[in-house]
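Me: Please take a close look with me at one part of this model. I'd like to follow it on screen as you go.

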Amino acid sequence: MDPRLLNKKNAILQKVSEYHPDPDLDMLERAIDFAAEMHSEQRRRNGDPYLSHPLEVTDIIADLKLDIAGLCAGMLHDVVEDTETTVEDISEMFNEDIAFIVDGVTKLSKYQFLNKQERQAESFRKMFLAMASDIRVILVKLSDRVHNMRTLKYMPPKKQREIAQETLDIYAPLAARLGIHWIKSELEDISFRYIYPDEYYQLAEDVSVRREERERYIQETSAILNEKLQEHGIHAQITGRPKHFYSIWKKMKAKGISFDEVHDALAFRVMPETVRECYEVLGVVHSIWRPVPGRFKDYVGLPKPNGYQSLHTSVIGPYGERVEIQIRTEAMHKVAEEGVAAHWQYKEGRMHPARDAEKFAWLRQLIEWQHDLADPKEFMDMVKVDMFSDEVYTLTPQGHIMSLPKKSPPVDFAFAIHTEVGNHCTGARVNGQIVPLKHELQNGDTVKILTHPNQRPNPDWLKFVQTSRARHKIRQHVRREQRERSRQYGKELLDKEFKRFGLSLRKLRKEGRFEDWLRACKCQNLDELYINIGYGKLQADTAIRKALPDEETEPKEQPEGRLGRLMRTAADKITGRKTGVALDGVEDVMVRYAKCCGPVPGEPIVGFVTRGRGLAIHAADCNKLQHMEQERFIDVYWEANAKSSTRPVTLRVYTEDRAGMLASITQTFTGEKINISEAHCRTQDDGSAINTFEVMIADSAQLKGVIKKIQGISGVRHVARVRV
């Protein structure tokens with residue numbers, strides 16, 4: 001073994017001996033030697049022997065003070081993925097515990113997936129499921145991610161940004177959930193460096209320039225506080241430090257301010273000996289410096305779900321500088337920095353339902369909710385939004401803590417309790433007062449959900465709910481109701497057509513043509529046929545004609561008459577084949593263009609099957625699409641003859657208010673052979689004018705061309721296409 005690697009191995013063994021009461025170092029050495037053998041021919045991107053990576057990961061795991069199984073899993077975490085070794089081999093050579101952790105950490109790289117997003121989602125599902133049984137899985141994975149981020153400079157730039165973004169989205173928040181603050185901070189700062197390098201290095205320079213000034217301020221403020229605490233007979237350890245880069249940058253972005261305007265970039269920590277003294281320190285701090293309203297949080301009386309306890313307050317400190325002060329005991333500090341790793345009961349990994357239920361309620365919810373989300377994107381959105389966003393901590397009437405994303409209303413609370421509670425939610429009492437369903441919950445609110453058996457989810461709830469779970473359940477219910485209505489509507493339409501043609505389902509079944517008919521309609525069963533007809537994906541008379549011989553395709557009734565022929569001719573003029581829009585595999589569907597986005601030929605488009613109004617054509621970037629049912633979209637495209645007609649488009653031109661401006665704009669339209677169907681102009685008090693034109697456009701190329709020419713007119717400030 002390379003001397004450097006041997007030294008690292010011995011250092012790990014020594015570190016484990018210092019914190020573990022009775023370590024099985026023989027097993028750990030066997031794991032190190034086995035990893036050395038398996039990775040002997042492999043190298044890291046920087047040229048180092050690959051063994052350096054599992055050794056560094058195991059060293060980080062030792063910093064978390066995990067047991068021997070966790071340490072061995074750290075050494076072996078890549079052998080299943082990168083060598084011929086199997087999970088069964090590890091179980092046989094070591095034990096089932098180690099094999100389980102390694103399996104939980106291993107990516108699903110040996111399975112086939114449709115795309116990268118699906119692979120990522122399924123890897124996280126697998127990891128979370130394993131983590132629910134053994135918390136050591138995620139502690140090993142976090143240690144692996146920390147070392148990979150420390151050596152990220154050897155990866156290609158594109159890969160650096162992808163890994164850093166994933167780390168910022170998933171792993172740093174996960175470390176925060178587990179309460180391991182030092183890992184969270186390190187992962188955030190390294191990710192920040194690779195995703196926003198310019199901002200990172202500028203901030204690093206700004207912080208460095210003010211280092212001496214900052215250190216003097218910390219010493220002076222600490223001395224003032226220490227003197228006052230001594231006067232009250234309180235002995236406490238006081239430390240001051242700048243906040244880590246990423247948290248400073250987030251504050252700058254959120255408030256739109258420069259570094260010089262960040263007045264609370266410093267955080268002080270005061271650690272007295274007892275819980276009672278924590279509150280006494282708070283009183284002393286507020287007697288010295290004026291507290292900032294709304295910035296006090298009591299996580300001692302109301303701990304976070306991960307066990308974090310501390311008093312937080314912001315005050316106007318010396319020289320008018322705003323500083324943040326955290327007050328907690330040393331025991332609380334240990335939990336704050338190390339999280340779950342601070343508790344010996346987690347060293348054996350297994351979670352105990354009664355003891356750990358509250359700390360890991362978020363993980364239990366994640367496991368329960370993921371069963372409902374088959375779509376990989378929806379699952380990853382749920383992980384990022386629901387699990388790792390900024391939170392509010394609310395209480396059930398029984399005193400159980402429920403964590404929800406900020407701005408969550410009672411509807412989110414209801415669905416977090418149970419789907420049926422959410423489905424039948426009619427209102428809520430917050431701190432004893434009845435509030436609207438869109439009321440934003442705050443930290444410490446006690447929430448009682450009011451229900452009624454006749455209540456059903458309302459699509460309007462989608463406008464204000466915050467959690468993916470609530471959004472998914474509401475959409476699921478709405479889709480189910482719409483699907484049933486479409487089934488009933490389709491059945492009625494088909495029954496009428498059966499009567500017109502003198503047919504019946506019984507006759508088709510008796511003649512043995514029923515199954516062939518369904519296949520001709522591209523449906524697996526009768527319900528699917530009803531639904532397709534109800535949604536307008538298939539016309540009822542088209543379905544009937546597929547059941548008839550060619551010579552019997554006319555309905556058995558009198559001719560429709562002059563009025564009927566006129567109506568049918570009018571309908572023909574707006575079918576897909578006559579509008580320049582083509583719909584593969586869909587026949588005789590009425591087409592209309594959505595007014596919200598006004599698509600023109602040449603632009604990417606999508607079709608949305610409406611109820612009873614045919615097919616609505618939307619621009620692919622229409623803002624309203626995200627609020628529509630995905631299953632009702634179908635692919636459409638412009639036909640070659642689409643440019644033969646024109647479509648209305650609204651343009652808004654912002655200009656200087658001067659003579660001749662309107663004439664220049666209208667002449668530009670005329671020069672491009674564009675007809676103006678409507679115009680509205682108004683002047684502003686600041687010497688500007690807003691001119692709105694509805695014009696008839698042949699295609700996207702003509703639209704881009706005229707916008708470019710108008711922008712070139714002297715005095716024109718901006719041209720915008722208006723969409724609802």
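Which strands does helix H29 lie across, and at about what angle does it run to E21?

Reply: Happy to! A quick note before we start: this is a predicted model, where local features need pLDDT of at least 70 and side-chain atom pairs count only at pLDDT 80 or more, while totals for chains, interfaces and linings use all residues. Residues are numbered from 1 along each chain as its sequence is written, and side-chain values use heavy atoms, with hydrogens and water left out.

Helix H29 (residues 700-711) lies across E18, E20 and E21, and runs at about 155° to E21. Angles here run from 0 to 180 degrees between N-to-C directions, with axes fitted to C-alpha atoms. Helices (H or I, at least four residues) and strands (E, at least two) are DSSP runs, numbered from the N terminus.

Now for the sheet itself. It is open and has four strands, in the order E19-E20-E18-E21, with antiparallel pairing; strands pair if DSSP finds at least two bridges between them. E19 (675-683) and E21 (716-722) are the edge strands, each with a single partner, so one side of each has no neighbour in the sheet. From one strand to the next, the twist averages 20°.

Let's zoom in on E19. Eight bridges join E19 to E20 (residues 688-697), and the two run antiparallel. Cysteine 681 stands opposite asparagine 691 in E20.

Another helix packs on this sheet: H28 (residues 661-671) touches E18 (647-656), E19, E20 and E21, where contact means heavy atoms within 4.5 Å. The direction of H28 makes about 15° with that of E20.
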